[in-house]
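The following exercises are to be worked through with the sequence and the structure at hand. Each task is followed by a solution in steps.

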Amino acid sequence: MALTKEFKEFYKDRDADYPHWPKRVFTIAVFCKENFSPKSIPSYVEKDMGLPLEEVNKMNISSGVFYAYTDKEVRSRKIKEVSRYARGNCRQCTDFTGDFSDISVGSVGTQAGWSTVILRSKEAKDLFKKLVDQDLIEVSTNVQMEELNKVIDLNNKQAKKSIKLSQDKGFKLPFVDLEKDDNLEGFVEKGHKKDFMDLEKEILQSGLCVACGTCALACPCYNIEMLEDGRPYSIRGCLPNCGCCYMACPRTHSFKEILLKDQEEPEIVAARAKNPSYHSQDGGVITALITYGLKNDIFSKAIVARADSKWRAYPFITNDPSFLKRAAGSKYSIIPQVYGLKFGR
Ligand code: SF4
Ligand code: SF4
Ligand code: SF4
C-alpha cells in the first residue's frame, strides 16, 4: 500500500475524486517468499494433513516447517512439501523483506519466539520507540544479519532466474522493463492510454497478478470487482483516457524514487511483544504495534486479514483493537488487502 504514494503522483494534475484513498497509509509487511491461492492451504490441511478446518485455530511456518494447530494437537509438514502449492507468480518476486513498507517483520534472523524488525520511516521508529518505552515490546540487537542476507540473496537469485526463464519464453514483464527504461511522466502518459483489457492481457493472462485489489480500488467508476479466487474482473466498459487500474497495479511498474521518498536509514532489531496472543506469529510484534496505534489514535483504522471457519481469508478494516486478536496470525492465502479500503471509509 505504499502504492498510494505513487497513485497520488499519477493523479496530482487531475480533477478526480478518490474517497477511498487515505492521506497516509502506514504499511507493515511480513517477510514473504511465497503465497498461496485461497483454497490451496485449507484443502491441504484438510485432505493431506487430516485436520478438520473448523478445528484448526492457528497456522504457522517456522524454521522450514509448516504447522497447523487445533486445541488437541499440532501437526507439521516440511515447508518443501507445502511449497508445491505456492502461486507461480511469487517466483518472480524480489521483495522478500517488503522494502517499500514502513516496518517489516519476519522470523528469519532471530531465534524462535522473536522477530526481526526493520524500521524504515521516522513514524515507524517513533511508534516502535513508544512501545519499547512503555514496556510493551522487548528489544534486542541479536539479529543474525548473515542468515537474513543469505535468504534475501537466495530469493533474489531464484526470482531473477525465473524472470529470465519467462522472458526467454517470450513473456513481456512490464515491471521489469519499466524499471529499466521508463520514467514517471512517460509511464503516466502511456498509462492513460491503457484500459482494463491491457491489464488483463499483460498482467492477468501472463500470471503476474498478485491479487492485491489495488486496481479495483483505483477504478474511478467502480468497474472492477474481485472474484473469490483473487482475480479482478471488469463489469462494464472503460472510461476514455483512464488507465487508473493499469497505473495503480504494482505489477506494471515500480517507481522507487516515489516509494522510497519517506524512508530513512533502516534500523534492524530483534523484538517480541511482552504479552503476545496465542494466534500471533512469532513475537506478536505486529499485533502489538497495530493495537497501540489504534488505542492511541496514531492510526484511524487498520486493514487486517481475517479468516472464516473454512479458513477463507478476507480483508477486514477496523478501528477496534479488540478485533485484532481474532485477526492475528498468518492466513497463507492471497487477500485483496488494498481493496479492503473500499469498505471501510
Ligand atoms: S508477490 Fe507478494 S505474496 Fe508473492 S512472494 Fe512477493 S510479496 Fe509474497
Ligand atoms: S474505467 Fe476502471 S477498469 Fe477501465 S481503465 Fe479506468 S480504472 Fe481501469
Ligand atoms: S492491481 Fe493487484 S489485483 Fe489488480 S491486476 Fe494488479 S496485481 Fe492483480
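**Exercise 1: The setting of N57**

N57 is buried, with a relative accessible area of 16%; buried means under 20% relative accessible area, exposed over 50% and partly exposed in between, with a 1.4 Å probe and protein chains only. The model is a predicted one, in which local features need pLDDT of at least 70, side-chain atom pairs count only at pLDDT 80 or more, and totals for chains, interfaces and linings use all residues. Residues are numbered from 1 along each chain as its sequence is written, chains are lettered from A and ligands numbered from 1 in the order in which they are written, and side-chain values use heavy atoms, with hydrogens and water left out.

Task: Determine where N57 is found and which side chain it joins in a polar contact.

Solution. 
1. Helices (H or I, at least four residues) and strands (E, at least two) are DSSP runs, numbered from the N terminus. The loop between α2 (40-48) and β2 (58-62) holds N57.
2. The side chains of N57 and D71 are joined by a polar contact of 2.8 Å. Such a contact is a pair of N or O atoms within 3.5 Å; within protein, one must be able to donate a hydrogen and the other to accept it, and residues adjacent in sequence count only if both atoms are side-chain atoms.

**Exercise 2: The elements on either side of the loop**

Solution. 
1. After α2 comes G50, with a positive phi near 70 degrees.
2. Of the five residues of β2, four are buried.
3. S62 stands opposite V65 in β3.
4. The two strands form a hairpin with two residues between them, and S63 in the turn has a positive phi of about 45 degrees.

**Exercise 3: The ligand shells**

Task: Which residues surround ligand 1, and which come nearest to ligand 2?

Solution. 
1. A residue is near a molecule if one of its heavy atoms lies within 4 Å of it. Around ligand 1 are C32, K33, E34, N35, C90, C93 and V210.
2. This shell divides into four nonpolar, one polar and two charged residues. Ala, Val, Leu, Ile, Met, Phe, Trp, Tyr, Cys and Pro count as nonpolar, Asp, Glu, Lys and Arg as charged, and the others, Gly among them, as polar.
3. Ligand 2 has 13 residues around it, of which C219, C238, L239, C242 and C245 come nearest.

Definitions and conventions: Pairing = 2+ DSSP bridges.
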